Amino acid sequence: MLRARAKKARNTTYKKTAKKEYGKASRKTLPAVRSAKRLCALPPRTLRPLSDAVMANPIRASAILVSQSKWLNGTVLHYCFFKSGHFAVPKKQAKAIRTAFAKWKAVGIGLQFKEVSELGEAEVRIGYSVKDGDSQSSVGRDVLNDPLNSPTTVYGWDLTKDDSGTALHEIGHVLGMEHEHQNPFAGIKWHEAAVYKNLKAPPNGWTRTETFHNILEKLSPEQVQGSKWDPDSIMEYDFDPGLIAEPKRYEADGLSPPGTLSAADKKWVRKWYPPLKKSPDRLHANKPAVLDLTAGKQVNFVIEPASSRKYRIETRGASDTTLVLFEVIDGSPRYVSGDDDSGEERNAAISHKLFRGRQYVVRLRLVHPGSTGEVSLMYS
């Protein structure tokens, strides 16, 4: 009800302002009134470079680019709040973020979220800075490339009021989700001049480059699975009237997503991270496991080494794969190392010292089956 009233008031203000300044001008010629809502501003990202030979196979290229930011299912994502300095997170804001993590987990997914007290122990390091006024996050596995003393996710405004959906949105990025309105198959056309003007004004104050990168620029078709646009997605922005040219229904009224997880959001996250239904099988040294997998599927194995020494864990076959090693510490798998051979003429491999008496988990996702569709996994 509050959102509906806010939307009605905003549209009334828009129409009054437009009538005063432009008289009987048509809706098509009315300029956009700047939005009072601040928006997530992602930094520029670089797609994984692929050879001409790989790009010549669009199914393979798409499988690689779509999966490059996704975690292997069963991963425990450890998160930590900055407690001091420029990015210190106030207690009320931290509580709102914890609630958002719980809402994602309640969808029923195989990923786990665990709060830790040390930044160096966390893959996801969360900061807060009203002074900077930006909310943004690295996308999916890109957080592993951020410096350990820097936040991977930053919030720039109060999450306990009308913008509580921002916490869900940024966690969506952590899970590997992109901005919904940048879907190249969505069919959105923009009043570009109005968009630049709208986002240049406070409270966002974006440059043309920032506006293009976060709104007008389309994702590569190879990055996106499916063709449907979900205007109710938690990954969708709130847009004022006068910015969207098509679909026409949003031109006069603007777009106000509900700020909650949509049915499509839940379907997406369950597809990539379905509940884990069984305990991993054991992988024995020097005994390869021959796997029958389809694209996007994953297997998990437990390793309990007989001696403490350096081992090599590797795949065999012409498939594109992602391989990750975890050590089980206090009952929770902690990331050790990983490799991704997607798009390269080699096999994924991890060389690491394993210790007798400790337990490890290795996870393998088949990205693309290659020419033979065969893949095996072994350690020695």
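## Helix α5, well covered

Let's start with helix α5, which spans residues 165-174 and is mostly covered: ten of its ten residues are buried. Here, buried means under 20% relative accessible area, with exposed being over 50% and partly exposed in between (1.4 Å probe, protein chains only). The helices (H or I, at least four residues) and strands (E, at least two) are DSSP runs, numbered from the N terminus. Among the buried residues of α5 are Gly-165, Leu-168, His-169, Ile-171 and Val-174.

What covers the buried residues of α5? The cover includes helix α4 (91-105) along with strands β1 (76-81), β3 (124-128), β4 (136-137) and β5 (153-155). Just after α5 comes Gly-176, with a positive phi of about 110°.

## Where the picture comes from

This is a predicted model, in which local features need pLDDT of at least 70 and side-chain atom pairs count only at pLDDT 80 or more, while totals for chains, interfaces and linings use all residues. Residues are numbered from 1 along each chain as its sequence is written, and side-chain values use heavy atoms, with hydrogens and water left out.

## An open sheet and its helix

Five strands form an open sheet in the order β8-β10-β15-β12-β13, and the pairing is mixed. At the edges sit β8 (281-282) and β13 (332-340), each pairing on one side only. Two strands count as paired if DSSP finds at least two bridges between them. Strands β8 and β10 (residues 298-303) run parallel and are joined by two bridges; Asp-281 has Phe-301 in β10 as its bridge partner.

Helix α3 (residues 58-67) packs on this sheet, touching β12 (320-329) and β15 (360-368). Its direction makes about 145° with that of β15, using axes that are lines fitted to C-alpha atoms (for helices over the stretch in contact) and angles from 0 to 180 degrees between N-to-C directions.

## Two residues to look up

Is Thr-211 buried or exposed? Thr-211 counts as buried because its relative accessibility is 0%. Thr-211 is found in helix α7 (residues 208-216). Beyond its neighbours within four places in sequence, Thr-211 is in contact (heavy atoms within 4.5 Å) with Val-195, Tyr-196, Leu-199, Trp-206 and Leu-216. Val-195 is 16 residues away from Thr-211 in sequence, and 7.8 Å away in space, C-alpha to C-alpha.

Now find Arg-48, in the loop between α1 (2-22) and α2 (52-55). A polar atom of the Arg-48 side chain lies 3.1 Å from the backbone oxygen of Asp-340. Leaving aside neighbours within four places in sequence, the contacts of Arg-48 include Ile-64, Leu-65, Gln-68 and Asp-341.

Definitions and conventions:
A polar contact is a pair of N or O atoms within 3.5 Å; within protein, one must be able to donate a hydrogen and the other to accept it, and residues adjacent in sequence count only if both atoms are side-chain atoms.
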